[in-house]
Amino acid sequence: MSNANSVHVVFGAGPLGLAVVRALVRRGRRVRLINRSGKAATPVGVEVLGADATAAEETRSLCRGAAAVFQCAQPPYHQWPELFPRLQAGILAGAAASGAKLIVGENLYMYGDAGRPLTEDLPHRASTRKGRTRAQMAETLLAAHHAGTVRVSVGRASDFFGPGVLDSVVGDRVFPAALRGRKASVFGNLDLPHTYTFIDDFGEALVRLSEHDQALGQVWHVPNAETVTTRAFIDMIFAEAGHPSLMSGMGKTMLRLGGLFIPPAREMVEMMYEFEKPFVVDHGKYAKMFGNHATPLREAIRQTLAWYRDYLHTKN
């Protein structure tokens with residue numbers, strides 16, 4: 001177990017970083033949050049600092065005295081191959097210098113089109129450029145662990161939703177539409193099963209991984225609520241928002257057109273296999289070791305809608 005008096009360092013103030021912060025604060029931990037700007041909306045008592053996480057000299061200083069370091073930062077989606085490995089290397093250097101555990105939040109791109117439910121023992125067979133980047137980074141992390149450079153544990157999640165999640169396939173194109181009774185826009189075939197991850201379950205899982213030495217040197221799929229079709233998921237969102245369901249599926253052609261003007265949209269084209277076939281994530285390994293704390297789907301949707309109501313009210 002981590003020393004409760006030690007600092008816990010979180011890199012990245014996006015939805016995952018903030019979910020980890022919330023889980024740590026609930027435990028009464030000292031938290032230091034690092035992002036580029038040095039500004040973030042955090043609970044009282046959280047130290048927020050600005051830094052360049054690719055610079056090892058900076059991360060070594062920021063991680064000094066840490067019990068655990070959480071890597072939740074990422075560069076712009078369309079710049080992953082160029083920037084993401086450098087970002088990870090800087091954070092790894094900081095954790096290694098401090099002797100802290102390094103807990104890394106990842107997605108599932110490295111597996112590629114597996115053609116079966118995803119488990120942690122699948123080989124890395126991605127053919128996409130972002131999938132190959134993820135595979136290389138994951139292999140580098142575990143190699144560093146086995147070399148004794150740093151103690152690493154990896155938590156992987158599917159497409160996520162929840163408080164603070166805007167830039168997601170089930171983010172700001174879905175929840176605001178449901179609240180306003182307008183049409184939601186989602187990717188791919190709506191009638192296929194697709195596992196979605198609630199962001200606070202992801203944050204809680206990463207913190208639990210930091211608390212148990214049994215988690216080290218391994219990959220863990222974080223808990224998710226029951227897998228349903230994307231249509232059923234969107235139906236639940238509209239029902240909880242009090243409006244009839246309205247939705248449309250967006251295919252590769254539309255994404256390519258959008259990508260002419262929006263680089264992140266162009267980057268989604270190669271990932272469309274996730275939405276054109278069943279995409280089911282198995283988290284049995286994690287649940288057996290650390291418990292299945294997945295928030296029931298309707299409750300997670302209610303919490304997300306509540307956050308979006310506040311967000312939209314503040315924005316308008």
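Me: What is the handedness of the crossing where α3 passes α4?
Reply: In this model, which is predicted, α3 passes α4 in a right-handed crossing. Helix α3 covers residues 80–98 and helix α4 covers residues 129–146, and the two pack at an angle of about 15° with their axes 10 Å apart.

Me: And how would you describe α3 and α4 relative to each other, roughly parallel or roughly antiparallel?
Reply: They are roughly parallel to each other, because angles under 35 degrees are counted that way.

Me: Which residues meet there, from α3 and from α4?
Reply: From α3 the residues are Trp80, Pro81, Glu82, Phe84, Pro85, Gln88 and Leu92, and they meet Arg129, Lys130, Thr133, Arg134, Gln136, Met137, Thr140, Leu141 and Ala144 in α4. Sorted by class, this contact of α3 with α4 has 8 nonpolar, 4 polar and 4 charged residues.

Me: Switching to α1 and α6, at what angle do they pack?
Reply: Helix α1 (residues 15–26) and helix α6 (residues 199–210) pack at about 60°, and their axes are 8 Å apart. That angle makes α1 oblique to α6, and the crossing of α1 and α6 is right-handed.

Me: What about α7 and α12, how do their axes cross?
Reply: The axes of helix α7 (residues 230–241) and helix α12 (residues 297–315) cross at roughly 55° and come within 10 Å. This makes α7 oblique to α12, and α7 passes α12 in a right-handed crossing.

Me: Which residues make the contact?
Reply: On α7 they are Phe233, Met236, Ile237, Ala239, Glu240 and Ala241, while α12 contributes Leu297, Arg298, Ile301, Arg302, Leu305 and Arg309. The contact of α7 with α12 has 8 nonpolar, no polar and 4 charged residues.

Me: What lines the largest cavity?
Reply: The lining consists of His194, Tyr196, Ala225, Glu226, Val228, Phe233 and Leu297, and by class that lining has 5 nonpolar, 1 polar and 1 charged residues. Among these, Phe233 and Leu297 also take part in the contact between α7 and α12.

Me: One last thing, where does Val48 lie?
Reply: Val48 lies in strand β3, residues 47–50. Although Val48 and Arg32 are 16 residues apart in sequence, they are 5.9 Å apart in space, C-alpha to C-alpha.

Me: Leaving aside neighbours within four places in sequence, which residues is Val48 in contact with?
Reply: With those neighbours left aside, Val48 is in contact with Leu33, Asn35, Gly38, Lys39, Ala40 and Thr42.

Notes
Residues numbered from 1 in each chain as written. Predicted model: local features only at pLDDT ≥ 70, side-chain atom pairs only at ≥ 80, totals over all residues. Heavy atoms only, no water. Axes fitted to C-alpha atoms, helices over the stretch in contact; angles between N-to-C directions. Helix = DSSP H or I, 4+ residues; strand = E, 2+ residues; numbered from the N terminus. Parallel < 35°, antiparallel > 145°, perpendicular 65-115°, else oblique. Left-handed = near helix turned anticlockwise from the far one by under 90°. 1 Å grid on protein atoms, 1.4 Å probe; cavity = no way out; pocket = protein on both sides within 12 Å on 5 of 7 lines; lining within 4 Å. Nonpolar A, V, L, I, M, F, W, Y, C, P; charged D, E, K, R; others polar. Contact = heavy atoms within 4.5 Å.
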